Structure formats: C-alpha cells, structure tokens
Amino acid sequence: MAGYSGTPLPLKLGVKPGSRVLLSAAPPDFALDAVPPEAVVHSRAAGSSYDVVVAFCPDLRRLEQRFARLAERTTTAGDVWVAWPKRA
C-alpha cells in the first residue's frame, strides 16, 4: 500500500508492554492487533487511568462533548489520540 510505513499501529500510538489502552467508541470491526506483552486493551472505560486513549469521534461536536472526560481518564504522561471517519 502506497504511503504505509509498515510500522505497527500500537507502536505508532505509543503502546508499551504493560500499557492500559482505551478504545473509546471504536467501530465494531476495529481491532488493535499485535499489542506488546501484558498491554491491556479495553473497549469500555473501567478501573484506573489509561496510558493511551484512542477516541473515535464522527464530528467535532462529539469530540468537544467527550474530550474532558477522556483526558481525565488518561495518566499524566498518557496520550489521547482522536480518530475520525475518512472522507472521500
């Protein structure tokens, strides 16, 4: 595929061994494959903070509604990534 670096998505997102990852509102067919050992991936928020949060937002309004809550669930050194639908 042209332009694809070949770097696994978990590495690009900063998922490390033992990371807690939240996939917030991910589409049903989305999967984060090949995560490092002992990394835990949740599709619903549970328990303590997350090292990596990937928020799937269909539009700016939804992002604005959810960002503060997602940021609160992120560790101090954690990351919040935003994914949105690709437009043709």
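Thr-74 belongs to strand β4, residues 74-83, where strands are DSSP runs of E with at least two residues and helices are runs of H or I with at least four, numbered from the N terminus. The model is predicted, so local features need pLDDT of at least 70 and side-chain atom pairs count only at pLDDT 80 or more, while totals for chains, interfaces and linings use all residues. Residues are numbered from 1 along each chain as its sequence is written, and side-chain values use heavy atoms, with hydrogens and water left out.

Thr-74 counts as buried because its relative accessibility is 13%; buried means under 20% relative accessible area, exposed over 50%, and partly exposed in between, with a 1.4 Å probe and protein chains only. A polar atom of the Thr-74 side chain lies 2.9 Å from the backbone oxygen of Leu-70.

| Residue | Residues in contact |
|---|---|
| Thr-74 | Ser-49, Tyr-50, Val-53, Asp-79, Val-80 |
| Leu-13 | Leu-32, Val-52, Val-54, Asp-79, Trp-81 |

The strands form an open sheet of four in the order β2-β1-β3-β4, with parallel pairing, where two strands pair if DSSP finds at least two bridges between them. Because β2 (40-42) and β4 stand at the edges, each with a single partner strand, one side of each is left without a neighbour in the sheet. β1 and β2 pair in the parallel sense over three bridges, and Val-41 in β2 is the bridge partner of Val-21.

Helix α2 (residues 60-72) lies across β1, β3 and β4 and runs at about 155 degrees to β4; axes are lines fitted to C-alpha atoms, for helices over the stretch in contact, and angles run from 0 to 180 degrees between N-to-C directions. Along the sequence, the pattern of the protein is α-β-β-β-α-β, and buried residues make up 26% of its 88 residues.

Terms used: Contact = heavy atoms within 4.5 Å. Polar contact = N/O pair within 3.5 Å; in protein donor to acceptor, adjacent residues only side chain to side chain. Lists of a residue's contacts leave out its neighbours within four places in sequence.
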